[in-house]
4 protein chains.
Amino acid sequence: MNQTIFLKWLQEGNINIPSTLLTNYKQLKINEKELVLLLQVHYYLERGNDFPTPAEISAQMTIDINECHELLSQLIRKGFIEILDGNSDTGIRYERYSLEPLWNKLIEQFLLNNKKEEEALIEKEES
Amino acid sequence: MNQTIFLKWLQEGNINIPSTLLTNYKQLKINEKELVLLLQVHYYLERGNDFPTPAEISAQMTIDINECHELLSQLIRKGFIEILDGNSDTGIRYERYSLEPLWNKLIEQFLLNNKKEEEALIEKEES
Amino acid sequence: MNQTIFLKWLQEGNINIPSTLLTNYKQLKINEKELVLLLQVHYYLERGNDFPTPAEISAQMTIDINECHELLSQLIRKGFIEILDGNSDTGIRYERYSLEPLWNKLIEQFLLNNKKEEEALIEKEES
Amino acid sequence: MNQTIFLKWLQEGNINIPSTLLTNYKQLKINEKELVLLLQVHYYLERGNDFPTPAEISAQMTIDINECHELLSQLIRKGFIEILDGNSDTGIRYERYSLEPLWNKLIEQFLLNNKKEEEALIEKEES
């Protein structure tokens, strides 16, 4: 039994996302291809790759580089991904993706759904 | 500050999947729509709903009930989802989904990739 | 290469807790033994065992059954664990643990810390 | 409802560990204080702090800096934590912790337990 390969699996680790993303992306007007692309960006960010290229992302998806580039631009326009400027320790300027806009929209949607449920409950009690 | 809604968010919890699923589904001949459907099934299983209906699943996706039904059948035919028989505490027979075939294929792919990498490494050293 | 054992590891799964529990338990007056006991209860709840016995819990800890029983009682008295009544599908009454009180205290502490940080920031800006 | 604080909670994120660590640490001769210390190191590593000080770690535990220093040394001696040398992008040498030895011991224990279970099963069938 090869232990090394086991360690490798363990170190590949897990992707961990709020369940609400899976249950609410449709309401956020995100489709399945876009969702998986967002998960890929999340995956790269978690592993310390702040600005994965369309080549890197599309290599793990059923889309080609051009479509990946187009989808990324669209997700930025629709306000789910943001490009931020940063400075490395050595003072070199670089760009990086942030998914903060996605999380903000998700929280907003969660709070909205919750408010609607409460209102529906009150209406029901009153009638 | 409403603490109740915070607790609700915490209890919605997280979806946790092996990173390798995100990086290898393409090699397993799964596309993005199928991947998200598998994640939805995983989500329902984790929450104790063993046999979610196409209606329940499609409600959280950009597909309708018919397409969902079709995709589920396809994933069963392609050997990623299995339907198992079970008996409840009260002796009632029921059906439930299992993702064990998916995990098995994923492990197989992971081991295969690993073997290829090792062989490439040896070839490189020998040349 | 034994694939079965790989599947078994994957199915053992992961324990997933809010990072804030690890960074705030001390402020909640929880010590390390109590923290690990709470994690064990969390582990059993996640796996569908609603009311693990002191024997089951202590088997995975460096404490004996008596100490485990004592620590559990203490965590209930201190308001971190709650025992709830439930009814099974077949109408049999049963008891189960809930960690909702723990999550509530954790959220409370998180909001309190946040408020303090904000106040400290305002004070700094004003001076 | 303050959305900012919600985002902060989401960004604090989760700690994710193999369930087997929680169910096997006792067999690895780790006690609860040591386990939580290992979780703290894991937490800091995940957040990009490669070499947390005893002051940083003990601030989140019920132990003082001296005891923390002592426990860290002990976990290194017992072969659960390793100190590795690294070089930063700017060529500065630095030290960092690695939990690879812990994961290796955990896998070893998991494989051993599995082998014992299989042997017990065979013995049972033969008798």
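Predicted model: local features only at pLDDT ≥ 70, side-chain atom pairs only at ≥ 80, totals over all residues.
Between chain B and chain D, two residue pairs are in polar contact, both partners having pLDDT 80 or more.

**Chain B with chain D**

- On the side of chain B that touches chain D, helix α1 and strand β1 of chain B each supply at least two residues, and the largest share, four residues, comes from α1(B).
- By class, the residues on that side of chain B divide into five nonpolar and three polar, with no charged residue among them.
- Eight residues from chain B and eight residues from chain D take part in the contact.
- The area buried between chain B and chain D is about 770 Å², and carbon and sulfur atoms give 78% of that area.

**Chain B with chain A: extent and composition**

- In this interface, 36 residues of chain B are in contact with 36 residues of chain A.
- In chain B, the residues that lose the most area to chain A are B:W9, B:L22 and B:E32, which together account for 19% of what that side buries.
- The area buried between chain B and chain A is about 3500 Å², with carbon and sulfur atoms giving 62% of it.

- Two salt bridges are counted between chain B and chain A, and in one salt bridge the side chains of A:K8 and B:E117 meet with an N to O distance of 3.1 Å.
- The elements of chain B that give two or more residues to the side touching chain A are α1 (3–12), β1 (14–18), α2 (19–24), α3 (32–46) and α6 (100–126).
- Of the side of chain B that touches chain A, the largest share comes from α3(B), which contributes seven residues.
- Sorted by class, the side of chain B that touches chain A holds 18 nonpolar, 12 polar and six charged residues.

**Chain B with chain A: strand pairing**

- Strand β1 of chain A, residues 14–18, pairs with β1(B) in the antiparallel sense over five bridges.
- Within this pairing of strands from two chains, A:N16 stands opposite B:N16 in β1(B).

**How the copies are related**

- Chain B can be laid on chain A with an RMSD of 0.0 Å by a turn of 180 degrees and a shift of 0.0 Å along the axis.
- In chain B, the C-alpha nearest that axis belongs to B:N16 and lies 2.3 Å from it.
- Chains B and A meet through the same surface, because 100% of the interface residues of chain B are also interface residues in chain A.
- A rotation of 180 degrees with 0.0 Å of shift along its axis likewise superposes chain B on chain D, with an RMSD of 0.0 Å, and these two copies are therefore related as by a two-fold rotation axis.
- For chain B and chain D, the same surface serves both copies, since 100% of the contact residues of chain B recur in chain D.

**Pairings within chains A and C**

- Over all chains of the structure, a search finds 20 salt bridges.
- One pair within chain A is the salt bridge of A:K33 with A:E67, whose closest N and O atoms are 3.0 Å apart.
- A:K33 lies in helix α3 (residues 32–46) of chain A and A:E67 in helix α5 (residues 65–77) of chain A, so this pair ties together parts that are 34 residues apart in sequence.
- In chain A, strand β2 (residues 82–87) and strand β3 (residues 93–98) pair in the antiparallel sense over six bridges, and A:N87 stands opposite A:R93 in β3(A).
- β2(A) and β3(A) form a hairpin with five residues between them, and A:G91 in the turn has a positive phi of about 85 degrees.
- In chain C, six bridges join strand β2 (residues 82–87) to strand β3 (residues 93–98), and these strands run antiparallel, with C:D85 standing opposite C:E95 in β3(C).
- β2(C) and β3(C) form a hairpin with five residues between them, and C:G91 in its turn has a positive phi of about 85 degrees.

Notes:
Residues numbered from 1 in each chain as written. Chains lettered and ligands numbered in written order. Heavy atoms only, no water. Contact = heavy atoms within 4.5 Å. Buried area = accessible area lost by both parts, 1.4 Å probe. Salt bridge = Lys/Arg side-chain N within 4 Å of Asp/Glu carboxyl O. Nonpolar A, V, L, I, M, F, W, Y, C, P; charged D, E, K, R; others polar. Pairing = 2+ DSSP bridges. Least-squares fit on C-alpha atoms with pLDDT ≥ 70 in both. Polar contact = N/O pair within 3.5 Å; in protein donor to acceptor, adjacent residues only side chain to side chain.
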